[in-house]
Amino acid sequence: AENGQVAVEMVRQGLYDLIFMDCQMPVMDGYEATRRIRQEEPGEQRTLIIALTANGRREDVERCIAAGMNSHLAKPVSLD
């Protein structure tokens with residue numbers, strides 16, 4: 001998705017097993033997109049949302065978790 005609003009719309013239209021959420025997107029950032037996705041999820045259904053961000057400080061990780069993300073990956077990501 002090119003921005004957070006599109007990400008929210010995509011989740012509304014289909015089920016996803018995993019979402020890699022960029023935290024710094026135009027229109028709506030990944031934090032707000034995650035909060036909206038979480039508000040709209042039915043019952044116990046919780047899609048795994050992993051933050052992707054260049055920010056890896058403890059405060060950044062805590063902000064991702066507070067927004068409703070399950071975990072955090074700092075960029076760049078290596079396959080190793």
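1. A place to start is E41, a residue found in the loop between α2 and β2. The model is predicted, and the remarks here apply to that model. Is E41 buried or exposed? With a relative accessibility of 12%, E41 counts as buried, because the cut-off for that class is under 20% relative accessible area. The side chain of E41 makes a polar contact, at 2.9 Å, with the side chain of R38. Leaving aside residues up to four places away in sequence, E41 touches R46 and T47.

2. The overall make-up is as follows. The chain has three helices and three strands. Read from the N terminus, these elements run α-β-α-β-α-β.

3. On size, the C-alpha atoms of the chain fill a box of roughly 30 × 25 × 25 Å along the principal axes. A compact globule of 80 residues would have a radius of gyration near 12 Å, and the chain agrees with this, since its own value is 12 Å. Of the 80 residues, 35% count as buried. Among contacts in the chain with a separation of 6 or more, 49% are between residues 24 or more positions apart.

4. What is the order of the strands in the sheet? The three strands form an open sheet with the order β1-β2-β3, and the pairing is parallel. The edges are taken by β1 (18-22) and β3 (71-74); each has a single partner strand, so one side of each is left without a neighbour in the sheet. On average, neighbouring strands of this sheet are turned by 30° against each other, with direction ignored.

5. Strand β2 covers residues 48-53 and pairs with β3 in the parallel sense over four bridges.

6. Helix α2 lies across β1 and β2, and runs at about 145° to β1. T34 is found in this helix, which spans residues 30-40. T34 is buried, with a relative accessible area of 0%. Which residues does T34 touch, not counting those up to four places away in sequence? They are M21, I49, A67, G68 and M69.

7. The last point concerns cysteines. How many disulfides does the structure hold? The count is zero. C23 is in no disulfide, and the nearest cysteine sulfur, that of C64, is 3.9 Å away. C23 is buried, with a relative accessible area of 0%. C64 is buried too, and its relative accessible area is 0%.

Key:
Residues are numbered from 1 along each chain as its sequence is written. This is a predicted model: local features need pLDDT of at least 70, side-chain atom pairs count only at pLDDT 80 or more; totals for chains, interfaces and linings use all residues. Side-chain values use heavy atoms; hydrogens and water are left out. A disulfide is a pair of cysteine sulfur atoms within 2.5 Å. Buried means under 20% relative accessible area, exposed over 50%, partly exposed in between (1.4 Å probe, protein chains only). Helices (H or I, at least four residues) and strands (E, at least two) are DSSP runs, numbered from the N terminus. Contact means heavy atoms within 4.5 Å. Two strands pair if DSSP finds at least two bridges between them. Axes are lines fitted to C-alpha atoms, for helices over the stretch in contact, and angles run from 0 to 180 degrees between N-to-C directions. A polar contact is a pair of N or O atoms within 3.5 Å; within protein, one must be able to donate a hydrogen and the other to accept it, and residues adjacent in sequence count only if both atoms are side-chain atoms. The radius of gyration is taken over C-alpha atoms; the globule rule is 2.2 Å times the number of residues to the power 0.38.
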